[in-house]
Amino acid sequence: MSTMAVMSILDDLAMTVGFQGFVPRSLTFLSQVRQENSKEWFDAHRAEYETTLLEPFRALVDELGIAMLAIDDLFEIRPAIGKTLSRIHRDTRFSHDKSRYRSNMWLTFKRYRKDWTDAPTYFFELYPDGWRFGLGYYSASRDTMTLFRQTMRDNPERFLKVASCLGTTFDVEGERYKRPLIKDQPEALARWYNCKSFAAIANRTDMGTAFSGELVTTLTQGFMQLAPLYHYLMHIEAMKRAAL
């Protein structure tokens, strides 16, 4: 039996019990999606998509579910596409990018849609060159960001204490205003205050972690670490609703 055949069998066995990690073929498949991106190619490789991506993603959501409910017991934790898992098919109706399929896949933990509008969302994303995870506020409306800034101004010390939960693990990313909204603001506040939207993100390229069950521990610890920020942002969401 060839070395490639043995590796293929081991890859398949690794995904039969719980989440044991992604496999090299997971990244290979995403790379091929990026290159091929046709219905004919995807239809011919649908089984590979299901075994190397969809099944381990579902297992990963299952493994993380209990820990995420400890952060917020209203989180959606069903391991299904459209619930916690992204679709690989792209909606190209309103996009300049007409590629049919995504070359990345992600999971999210957020409240049931009827219970949130632009509340923060936990995520893990896998792409051909690496992976990342964190807490995103991508869908925050202008009104929400205005209230976020007001809350920072009212008690900057409290916010900085909450923001310290990022430690050295996470960075703040997001589109920012070209000109500072407040002149001479301390950098520790300005890097948040001037964001149009933001996310606390850890970018990783150590695939050994992603290829093992250790990923569950890494994500659980990271998500728990960000819990103070999540609850701070959810308090802002509650304030916004109370004002309606």
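This is a predicted model: local features need pLDDT of at least 70, side-chain atom pairs count only at pLDDT 80 or more; totals for chains, interfaces and linings use all residues.
Q: How are the rings of F42 and Y101 arranged, stacked or edge-to-face?
A: A search of the whole structure finds 23 aromatic pairs. For F42 and Y101, the ring centres are 4.5 Å apart. Planes under 30 degrees apart count as stacked. These planes are at 20 degrees, so the pair is stacked.

Q: How many residues apart are F42 and Y101?
A: F42 and Y101 are both buried. F42 is in helix α3 (residues 39-44), and Y101 is in the loop between α4 and β1 (105-109). The pair links distant parts of the chain, 59 residues apart.

Q: What is the geometry of the F75 and Y122 rings, stacked or edge-to-face?
A: F75 sits in the loop between α4 and β1, and Y122 in strand β2 (residues 121-127). Both are buried. Their ring centres are 6.0 Å apart, with planes at 85 degrees. Planes over 60 degrees apart count as edge-to-face, so the pair is edge-to-face.

Q: Which ring does R149 lie over?
A: R149 lies over the face of a ring. The distance to the ring centre is 6.0 Å. The ring belongs to Y193.

How values were computed
Residues are numbered from 1 along each chain as its sequence is written. Side-chain values use heavy atoms; hydrogens and water are left out. Rings of Phe, Tyr and Trp (its six-membered ring) pair if their centres lie within 6.5 Å; planes under 30 degrees apart count as stacked, over 60 as edge-to-face and the rest as tilted. Helices (H or I, at least four residues) and strands (E, at least two) are DSSP runs, numbered from the N terminus. Buried means under 20% relative accessible area, exposed over 50%, partly exposed in between (1.4 Å probe, protein chains only). A charge sits over a ring if NZ of Lys or CZ of Arg is within 6 Å of the ring centre and within 35 degrees of the ring normal.
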